Amino acid sequence: MNTISPFSSYFSVPIQEILTFHEVTLCMKREDLIHSGISGNKFWKLYHNIENYRLKHPSNPFIITFGGAFSNHIVATAYAGKIANIPTLGIIRGEELEANFTENPSLALASSLGMKFQFVSREAYRDKKNIEKGWMAHYPDAIIIPEGGTNLAAVEGIKNMLNTSTKDFDYLCTAVGTGGTVSGLSKYAEEHQKILGFQVVEDPSIVQVIHDLSGRDNVQLFTTEPKGYGKFDEKLIAFINEFYQKYQIPLDPIYTGKMMMKLFQLIENDYFVPKTKILAFHTGGIQGVLGANQLLKKKKKLTIDFNPLQI
């Protein structure tokens, strides 16, 4: 197999200043621009997982991973497999999705990129070890990437989000799902930097995940609203629309949108002392806007007023 990385051309993204309020400066590192499909932290969480595996298994490579109906990770893995020329299989939570998965924007996109699916019940999905055992019997050389992509290789990949341009910031901020990104920032941040993690779903186990993967005590967690991966309200959607109109930066409603809304509230409430420099990481996932709008339209709710396919 070719030893030259198929991902090597995607390593540079800008830092964009957002605002200065009460002498607090907020900037955003546009990891969403790193790749149109494997955007943001998903790129870096997959990078070492696939690179390490690709070089060790040149003959019959195969990627197996897990995700839900609108999973950014599923789409990102499908893109990564296509770039690296490795077949992919997504174990999808919800067997009822199988009949009409082409109507789901995320699953349809992953399928168009070559990913195959196995749809399982929510009960069966909870027993991932049993699913893994069954597939590994057929593909003993396959790599199993966990839901959300969080493992030690993912944490190593997140290190690439930090460089000389990020060293002078006092706070590094990221949305938190399965904990890989916040753990990577924690592990590789400068000594003076504090990490703020914005949880999009209530999960008390994240504290232990960060401790196990990072080993450092430099993280503070906040809860975002509304809680839950597929939960959106009009306040959040209105914030995303206003943010795009003002800064021309698209936010997704699952991760970065919730983080930025909470971060603005902290700044406005004088949580940070004057002269503080904050860097928020845009973790991508803009493709999720399509699925979110699909759900919002069915409920006749306010929708996000930009099309991620036209940005």
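Is Cys173 buried or exposed? I looked this up and found that Cys173 has 0% relative accessibility and therefore counts as buried, where buried stands for under 20% relative accessible area, exposed for over 50% and partly exposed for what lies in between (1.4 Å probe, protein chains only).

**Basis of the entries.** I note that this is a predicted model, in which local features need pLDDT of at least 70 and side-chain atom pairs count only at pLDDT 80 or more, while totals for chains, interfaces and linings use all residues. Residues are numbered from 1 along each chain as its sequence is written, and side-chain values use heavy atoms, with hydrogens and water left out.

**Cysteines.** I searched for disulfides, meaning pairs of cysteine sulfur atoms within 2.5 Å, and the structure holds 0 of them. The closest cysteine sulfur to that of Cys173 belongs to Cys27 and is 11 Å away, which is too far for a bond. Cys27 also counts as buried, because its relative accessibility is 8%.

**Record.** I took from UniProt (unreviewed entry) the feature "domain: Tryptophan synthase beta chain-like PALP" at residues 22-284, and I kept in mind that UniProt positions follow the numbering used here, that feature names are shortened and that annotations may be inferred rather than shown by experiment. Over residues 22-284 I read 40% helix and 18% strand, with the end C-alpha atoms 28 Å apart; helices (H or I, at least four residues) and strands (E, at least two) are DSSP runs, numbered from the N terminus. The UniProt annotation "active site" (unreviewed entry) covers Ser71, which I located in the loop between strand E3 (63-67) and helix H2 (72-84). Ser71 counts as buried because its relative accessibility is 13%.

**Sheet.** I traced an open sheet of 6 strands in the order E1-E2-E10-E7-E8-E9, with mixed pairing, taking two strands as paired if DSSP finds at least two bridges between them. Strand E1 (15-21) and E9 are the edge strands, each of which pairs on one side only. Neighbouring strands of this sheet are turned by 25 degrees against each other on average, direction ignored; the axes are lines fitted to C-alpha atoms, for helices over the stretch in contact, and angles run from 0 to 180 degrees between N-to-C directions. E1 pairs with strand E2 (residues 24-29) in the antiparallel sense over 6 bridges, and in E2 I found Met28 as the bridge partner of Gln16. E7 and E8, by contrast, pair in the parallel sense over 6 bridges, and Ala175 stands opposite Phe198 in E8. E8 is mostly covered, with 5 of its 6 residues buried.

**Helix H8.** Which residues of helix H8 are buried? In H8 (residues 206-214) I listed Ile206, Ile210, Leu213 and Ser214. Seen down the axis of H8, these buried residues fall within an arc of 85 degrees, so they line one face of the helix; the arc is that of the directions from the helix axis to the C-beta atoms. The face turned away from this buried side carries the exposed residues Val207, His211 and Asp212. I then looked for contacts, meaning heavy atoms within 4.5 Å, and found that the buried residues of H8 pack against several elements, among them helix H6 (152-158), helix H7 (180-188) and strand E9 (219-223). Just after H8, Gly215 takes a positive phi of about 80 degrees.
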